[in-house]
Amino acid sequence: MKLLKTNGDLLRARKSMDDMELRQLSRSKNREVRKRVAENENSPLDVLERLSADRNPEVRIAVAENDNTPVDVLVRLADDPSPEVRYTLASSPPWIATDILGKLEKDTNPLVAARAQASSQYLRSLNFRIA
């Protein structure tokens with residue numbers, strides 16, 4: 001019975017357009033449900049902001065990949081303790097704020113820094129200005 005509820009929650013989290021339902025699902029104990037809420041482009045900005053501090057890096061990665069995540073949240077995620085979250089940000093042009101890429105180019109993790117440098121180089125080839 002619990003598996004059926006979880007599957008229903010996963011589907012609702014992925015497809016819902018209802019702010020109240022998404023807020024409720026974002027507080028689920030199930031990380032997959034929270035991750036689906038973070039992926040949902042209809043998630044309210046306050047939900048994305050709260051999920052950006054989730055204990056699970058997969059949820060924070062989903063927030064970083066959501067096109068509707070506010071820039072100030074992305075800036076905070078650029079300092080995330082998980083290199084996977086920072087790598088995701090570095091891999092997300094052209095919508096990523098160029099000042100975030102500039103910061104990630106100096107990341108202490110060499111893979112994150114290299115990814116950010118490659119993304120910056122790609123944006124420069126498209127005539128984007130990198131901070």
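**View 1. L104, a buried residue of helix 8.** With a relative accessibility of 0%, L104 counts as buried (buried means under 20% relative accessible area, exposed over 50%, and partly exposed in between, using a 1.4 Å probe and protein chains only). L104 is part of helix 8; here helices are DSSP runs of H or I with at least four residues, strands are runs of E with at least two, and both are numbered from the N terminus. This is a predicted model, in which local features need pLDDT of at least 70 and side-chain atom pairs count only at pLDDT 80 or more, while totals for chains, interfaces and linings use all residues. Residues are numbered from 1 along each chain as its sequence is written, and side-chain values use heavy atoms, with hydrogens and water left out. What does L104 touch, leaving aside its neighbours within four places in sequence? Its contacts (heavy atoms within 4.5 Å) are A78, R86, L89, A90, V112, A113 and A116. One of these, R86, sits 18 residues away from L104 in sequence, with 7.4 Å between the two C-alpha atoms.

**View 2. The chain as a whole.** Let us step back for a moment. How many helices and strands does the chain have? There are nine helices and zero strands, giving the pattern α-α-α-α-α-α-α-α-α along the sequence. The chain has 131 residues, and 45% of them count as buried. Among contacts with a separation of 6 or more, 44% join residues 24 or more positions apart. The accessible surface comes to about 7,600 Å², and carbon and sulfur atoms hold 53% of that area (areas come from the Shrake-Rupley method with a 1.4 Å probe, and for residues only the protein chains shown count as cover).

**View 3. The largest nonpolar core.** A nonpolar core is a set of buried Ala, Val, Leu, Ile, Met, Phe, Trp, Tyr and Cys residues joined through side-chain atoms within 4.5 Å. The largest one here has 27 residues, and V37, L51, L77, L89, I100 and L104 touch the most other members. At least two residues each come from helix 2 (19-25), helix 3, helix 4 (45-51), helix 5, helix 6 (71-77), helix 7 (83-90), helix 8 (98-104) and helix 9 (110-125). Which helix gives the most to this core? Helix 5 does, with five residues.

**View 4. Helix 3 beside helix 5.** Helix 3 (residues 31-39) and helix 5 (residues 57-65) pack at an angle of about 10 degrees, and their axes are 8 Å apart. The axes are lines fitted to C-alpha atoms, for helices over the stretch in contact, and angles run from 0 to 180 degrees between N-to-C directions. The two helices are therefore roughly parallel to each other (under 35 degrees is roughly parallel, over 145 roughly antiparallel, 65 to 115 roughly perpendicular and the rest oblique). R31, E32, R34, K35, A38 and E39 of helix 3 meet E58, V59, A62 and V63 of helix 5. By class, this contact holds four nonpolar, no polar and six charged residues; Ala, Val, Leu, Ile, Met, Phe, Trp, Tyr, Cys and Pro count as nonpolar, Asp, Glu, Lys and Arg as charged, and the others, Gly among them, as polar.

**View 5. Helix 7 and its partners.** In helix 7, the buried residues are V85, R86, T88, L89 and A90, and they pack against helix 5, helix 6, helix 8 and helix 9. Helix 7 and helix 9 pack at about 10 degrees with axes 8 Å apart, so they are roughly parallel to each other. P83, R86, Y87 and A90 of helix 7 make this contact with L111, V112, R115, A116 and S119 of helix 9.

View 6. Which is buried and which is exposed? D54, in the loop between helix 4 and helix 5, is buried, with a relative accessible area of 10%. Beyond residues up to four places away in sequence, D54 touches R34, V59 and R60. T108, in the loop between helix 8 and helix 9, counts as exposed at 78% relative accessibility.
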